[in-house]
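Good morning, and thank you for making time for this presentation.

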Amino acid sequence: MATFVNWLKSPAGRQYFFSTHFWGPVANWGLPIAALSDIVNKDEESISGVMSPTLAAYSMIFMRFAWRVQPRNYLLFACHATNAAAQTVQVGRWVNYWKMGGREKKHPELAAADKVSGTVEKGVEKVKEVVKSA
């Protein structure tokens, strides 16, 4: 601990804490914090099926950048690794809810309404075909 405090008091420590190498990742932590909060607090219906995979891809790209830049920016890497993981979980929740039957399990009344509206639409199409052929 004494070594860290000595480094913190040194010009190199002050230079690090007043650089974009530190403040960029700190500002970026808003994204993964929001994503982690959404996993716990938000309903699957409010997840964006476009934005979540986009943010996951964005974070994966910047994870590579944080690893390749010299000196390596471990704080930025950790931030984007957390965000990529959280957004991937969000994508999984979205797929489960909209594509794998999670919506119907959660709201059985909506599933019945969707079946009825689908049947009505098929009936309307058949009537249109009969009218056209007549």
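This is a predicted model: local features need pLDDT of at least 70, side-chain atom pairs count only at pLDDT 80 or more; totals for chains, interfaces and linings use all residues.

I begin with a definition: a residue is called buried when its relative accessible area is under 20%, exposed when that value is over 50%, and partly exposed in between, using a 1.4 Å probe and protein chains only. Leu55, at a relative accessible area of 18%, is therefore buried. Residues are numbered from 1 along each chain as its sequence is written, and side-chain values use heavy atoms, with hydrogens and water left out.

Leu55 lies in helix α5; helices here are DSSP runs of H or I with at least four residues, strands are runs of E with at least two, and both are numbered from the N terminus.

Let me turn to the start of the chain. Val5 is found in helix α1, residues 2-9. Its relative accessible area of 31% makes Val5 partly exposed. Together with Met1, Phe4, Trp7 and Leu8, Val5 forms a nonpolar surface patch with about 500 Å² of accessible area. Such patches are made of residues with over 30% relative accessible area and no salt bridge, where nonpolar side chains (Val, Leu, Ile, Met, Phe, Trp, Tyr) are joined within 5 Å and like charges within 9 Å. The areas come from the Shrake-Rupley method with a 1.4 Å probe, and for residues only the protein chains shown count as cover. The C-alpha atoms of Val5 and Trp23 are separated by 19 Å, at 18 residues apart along the chain.

Which side chains meet in a salt bridge? They are those of Glu44 and Arg93, at 3.7 Å, N to O. The rule asks for a side-chain nitrogen of Lys or Arg within 4 Å of a carboxyl oxygen of Asp or Glu, and by it the count comes to one salt bridge. The pair links distant parts of the chain, 49 residues apart: Glu44 is in the loop between α4 and α5, and Arg93 is in helix α6. Arg93 is buried, because its relative accessible area is 16%.

Next, the largest pocket, whose volume is about 200 Å³. Of its 14 lining residues, Asp38, Ser48, Ser52, Gln87 and Gln90 are the closest to its centre. Two or more lining residues come from each of α4 (30-41), α5 (51-68) and α6 (74-98), and α4 gives the most, with four. A pocket is an open set of points on a 1 Å grid over the protein atoms alone, where a 1.4 Å probe fits, with protein on both sides within 12 Å along at least five of seven lines; lining residues have an atom within 4 Å of a point. The volume is the space filled by probe spheres set on the points.

Two further helix residues deserve mention. Ala34 is in helix α4 and is partly exposed at 37% relative accessibility. Ala85 lies in helix α6 and is also partly exposed, with a relative accessible area of 44%.

Finally, a cis peptide bond joins Gln70 and Pro71, with omega about -5°. Pro71 is placed in the loop between α5 and α6.
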